[in-house]
Amino acid sequence: MRCPVCGAKMKDVACRYCKTTKKEVLTASNKKALELRKNDREKAEDTVVYSGEIPSDVNATKLKVLTCTLGWFGANDFYVGRYARAIFKLVVTVPFFLLVILKVLAEMFLWYNLQNIDNILYWLSFLAAITFFLYVMDFVGVFTHKYKIPVVLGDKDE
Ligand SMILES: [Zn+2]
């Protein structure tokens, strides 16, 4: 387990560096983090941390299925509230797919007036490569505690 506060490996009950306890990490809440971000941005900036452990109020199966199936479109990021990342994936991957389909159709029906598609696709494919890379990272990460979920830590007492 990695400490979500300082990133160190947690071997004992608590992090050697910042004293965050394993219990705090295991009782962390994603819902609370999202609520706090909505209601009190400043406090959220101080309180919300990114945990590799899937908190109990996130459905682990649902998260894994979303990541594997629609991860390229940002579904898993939307689910845990990583909205900037989610929107980036969505606005790149959806147009990329649509243009690929359009290109296939254009070639099938010989719409030669759609040659500009190639130019747009060329540039968009670089961005799509980035979102695909993120998708693969998340795919692996969600099974290896590397995919980070915004949380508010739980109670400190043991
Ligand atoms: Zn720590």
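This is a predicted model: local features need pLDDT of at least 70, side-chain atom pairs count only at pLDDT 80 or more; totals for chains, interfaces and linings use all residues.

User: How far does helix H7 reach from its first C-alpha to its last?

Analyst: Helix H7 covers residues 116-144, which is 29 residues. At 1.5 Å a residue, the expected reach is 42 Å. The model comes close to that, with a reach of 42 Å.

User: Where does H7 bend?

Analyst: H7 does have a bend along its course. The angle there is about 30°, and the residue where it occurs is Ser125.

User: Is H6 oblique or roughly parallel to H7?

Analyst: Let's look at the two axes. They come within 9 Å of each other and cross at roughly 135°. Angles over 145 degrees would count as roughly antiparallel and 65 to 115 as roughly perpendicular, so this one falls in the remaining class. That makes H6, relative to H7, oblique.

User: Which residues of H6 are buried?

Analyst: H6 has 26 residues and reaches 37 Å from its first C-alpha to its last. Its buried residues have cover that includes H5 and H7. Those buried residues are Lys89, Val92, Thr93 and Phe96.

User: Which helices are included in what covers the buried residues of H7?

Analyst: First, the residues being covered: Ala128, Thr131, Leu134, Tyr135, Asp138 and Val142 are buried in H7. An α-helix has 3.6 residues a turn, so residues three or four places apart point the same way. The cover over the buried residues of H7 includes helix H4 (60-70), helix H5 (75-80) and helix H6 (83-108).

User: Is Thr144 buried or exposed?

Analyst: Thr144 sits in helix H7. Its C-alpha is separated by 9.2 Å from that of Glu53, 91 residues apart along the chain. To decide, we count C-beta neighbours inside 10 Å, and Thr144 has 9. The cut-off is 12 or fewer, so Thr144 counts as exposed.

User: Which residue takes a positive phi just after H7?

Analyst: Just after H6, Leu110 takes a positive phi of about 55°. Just after H7, a positive phi of about 60° is taken by His145.

Terms used:
Residues are numbered from 1 along each chain as its sequence is written. Helices (H or I, at least four residues) and strands (E, at least two) are DSSP runs, numbered from the N terminus. The expected span of a helix is 1.5 Å times one less than its number of residues. The bend at a residue is the angle between axes fitted to the seven residues ending there and the seven starting there. A residue is buried if 20 or more other C-beta atoms lie within 10 Å of its own, exposed if 12 or fewer, and partly exposed in between; C-beta atoms are placed from the backbone. Two residues are in contact if their C-beta atoms, placed from the backbone, lie within 7 Å. Axes are lines fitted to C-alpha atoms, for helices over the stretch in contact, and angles run from 0 to 180 degrees between N-to-C directions. Angles under 35 degrees count as roughly parallel, over 145 as roughly antiparallel, 65 to 115 as roughly perpendicular and the rest as oblique.
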